[in-house]
Structures are given as C-alpha cells and as structure tokens.
Amino acid sequence: MAPELAPAQFAARSDTTQPGSLLGPFDGRVTDGASGHPLPGAIVWVSYSFCQGEVLCTPIAGQTWSGETDADGRYAVPQLSQFPAASRLSRTTLVVYKRGYLGYRSDRYFESARPRHDFTQQRNIVKLERFTEGISHVEHLAFLGGSGPLRAALRAEALQASYDAGAGNTNHAFDAGTLLSIEEVRQATGSTDDFTTERLGDRARTARYDSLHFKSVTRGEEGDVAVRIFLYGTDTEAEKNFEEFAPSLPSAKAVDPVPDGLGSRAALARDGEGERMIFGLIVLDKTQRAVVLVTCGSALCEDAEHIQALTKKIISRLPRAGRGPLAPDAPGQKVVAPATQTPEQPDPTFKLREPALHR
C-alpha cells in the first residue's frame, strides 16, 4: 500500500505549475555551470524521509537511492516502490555531487541557505559551479549530508575538512541553514502554511552564532518560527550563558525532567495571550557546547510538544563538539549591535518577541 504523501514543494516540469510527486520518478541533466558541457559520472543521491502520526508526525525511517550521470550528463531515478507500512512520505531530497564542484541540493542553495524553487521532478537542469578557494569543506560536507556511495565519494573532501578542523581553522561563519527545513516545520506543527526563510537581523552571524527565521507568507508573527544557535568553546561557558539567558525569558520555567533528545537543561516560557501568544524554549546541550533558543507563534505551536519537536530536530543536527578557542581572524568575534541601537547602549536582554519577528 502506497504511503500518504506530503505536498511536493517542486513542480512536475518547468513548463507547468502542476506539483510534482515525492515518489518520483525523477530525471534531468547535469552540466558545468561555466561551459555548459555535460558532466558524466556525477553522483546522484536521493533521500526519502518517512514519518507516522496525525498531529505530530514522528520520523520513523528513511530510504535512499543512488546512481551516476551517463556520458551525456543525464540521470534517471525510478519511482519509489517500497515503503514502511502505515507511513507518510514527508520529504524527498535529491543531491548531486562531482569532485571539484559545489554540490547541489533540490531543496536549498549552499552559500545563502535560501530555499530552492527551480528544481523540477522531470527535465531538471543542474548547473554545477567550481569549488573555489576560500569555501569551507566543513560547511560543504554538512550541506550535502548523505550516506552510501555519496559518502564514499566525499571521502577526499572529508579528509580535507578534518585537516582544516585539526589545524584550528575557524575562519568561516557558522551556518544553521541545514538544521531545520520548511517541511520539517510543517511536519512538527501540522501546519500547511507557506514560509520564506531568512536570517534574523538582531545579531550578526559569526563563527559561533547563526539564526533562522521561518516567516509565514499568510500570517503575522503568530505563524512564525525563529531559531538562534550559540556555540561555545567549553561546556562550562555554554552553561554559564544558558543561566544568563533563561531568566530574561518572560515567566520562564525549568523543564523537569528534560525529555530525551532535548539536551541537558531546558526552560519554557509563554508571552502574550490568545492568537498573539508566543512560546519560547531555551535549551542547553552541554555535550555539544551549545545553547539553542526557539520561539514559535501560537498558530504553529499550540502546546509545548510542538516547540519541543522542532528543537529536538535542531539539536540532533548540531555540529559535533571539538571546538576550542576562536582564532584571532574568526569572523564576528565581537557581536555587532543592531542598527537601531548605539554601541554605547546595546540591549543584551533576550525577548520572546524580537523585532525581526514583527511584520
């Protein structure tokens, strides 16, 4: 029996507005972005994510398919024919990789982390750009993910990433773009809204901080989710900052016991009433030396379970610990005050309703 299908976020073809199918089949052509020449032998890897449940669709399994482009740079992925029983196919992601090039994902761009809207199920065109000096191998690997043949093809780059990390190379900004997707926001909250994604404007992106703002297209802040991730050099430093942040959330109360997958310590807060209420959840993950703050409007998060489900997904994908002191040339060592503040009067208080959440 075929699974229930989530709506595909891509069209069937470029010449129609008809939505595609997460089951496939998929086909397309991979070319060099500069010359337009076909790229044979590129790895094409497809990931299918399944979940169960009506309100909170809990991830239960995943399946993958992999192949290579032919001499003309073409790929063909057959329609998925085997699935877990009583499941929902929540997401399908196609990845293309060839050594020496920036990888391609069907759902988002690498450098900006913006959602991709030009992917099509059939007759898709993939233009790969050359991997140039200065791009982080660590960030590129995190962007691609993958397993099996894709992971094997990435071994050379993984060795370079390990070398960069071992040499203490922190001269790149942290990228939170792969920690949570639009479909996963819908999956965790039961929402069918459309969202745009961007970074929050209240704090500069640095080597140890990044943010995500899922902005509802049809609602105000009650339909938004905001994520802020802080990474630290030691677990003691992370805990100290958690203790400083948590009391600044309105009426924050400790979550005790902390559910599995939600880090070491957590505090939950509510601000406002009715449709204007916003949940806030701040979590300490001592193992990964991180503090995660998630705020979620009442149109999405009707109770604590929804915001906890979102936060668990983020925590499960945090960069693995191993960070030491920041290098002198690491980007954004000093947090830049928002443009609306003067350097002499920064506002360090964490609020459930940051300015970037308002329309």
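View 1. At 9% relative accessibility, T92 counts as buried (under 20% relative accessible area, with exposed over 50% and partly exposed in between; 1.4 Å probe, protein chains only). T92 lies in strand β6, residues 88-97; helices (H or I, at least four residues) and strands (E, at least two) are DSSP runs, numbered from the N terminus. A polar atom of the T92 side chain lies 2.8 Å from the backbone oxygen of L22. Apart from neighbours within four places in sequence, T92 is in contact (heavy atoms within 4.5 Å) with L22, F26, V46, S47, Y48 and S106.

The model is predicted: local features need pLDDT of at least 70, side-chain atom pairs count only at pLDDT 80 or more, and totals for chains, interfaces and linings use all residues. Residues are numbered from 1 along each chain as its sequence is written, and side-chain values use heavy atoms, with hydrogens and water left out.

**View 2. Helix α1 and its two ends.** Helix α1 spans residues 137-144 and is mostly covered, with 6 of its 8 residues buried. The buried residues are H137, E139, H140, L141, F143 and L144. At the start of α1, the backbone nitrogen of E139 has a side-chain oxygen of S136 within 3.0 Å. G145 follows α1 and has a positive phi, near 60°.

**View 3. Aromatic pairs.** The structure holds 6 aromatic pairs (ring centres of Phe, Tyr or the six-membered ring of Trp within 6.5 Å; planes under 30 degrees apart are stacked, over 60 edge-to-face, the rest tilted). The ring centres of F110 and F143 are 5.3 Å apart and the planes stand at 65°, so this pair is edge-to-face. F110 lies in the loop between β7 (104-105) and β8 (124-128) and F143 in helix α1, so the pair ties together parts 33 residues apart in sequence. Both F110 and F143 are buried. Y209 and F230 form a tilted pair, 4.7 Å centre to centre with 45° between the planes. This pair links Y209 in strand β10 (residues 209-216) with F230 in strand β11 (residues 225-231), 21 residues apart.

**View 4. Arginines over rings.** R116 lies over the face of Y109, at 4.1 Å from the ring centre.

**View 5. The disulfide.** The structure holds 1 disulfide (a pair of cysteine sulfur atoms within 2.5 Å). C296 and C301 form this disulfide, with their sulfur atoms 2.1 Å apart. The torsion about the S-S bond is about 90°, so the disulfide is right-handed. C296 is buried at 0% relative accessibility, and C301 is buried at 0%.

Definitions and conventions:
A polar contact is a pair of N or O atoms within 3.5 Å; within protein, one must be able to donate a hydrogen and the other to accept it, and residues adjacent in sequence count only if both atoms are side-chain atoms. A charge sits over a ring if NZ of Lys or CZ of Arg is within 6 Å of the ring centre and within 35 degrees of the ring normal.
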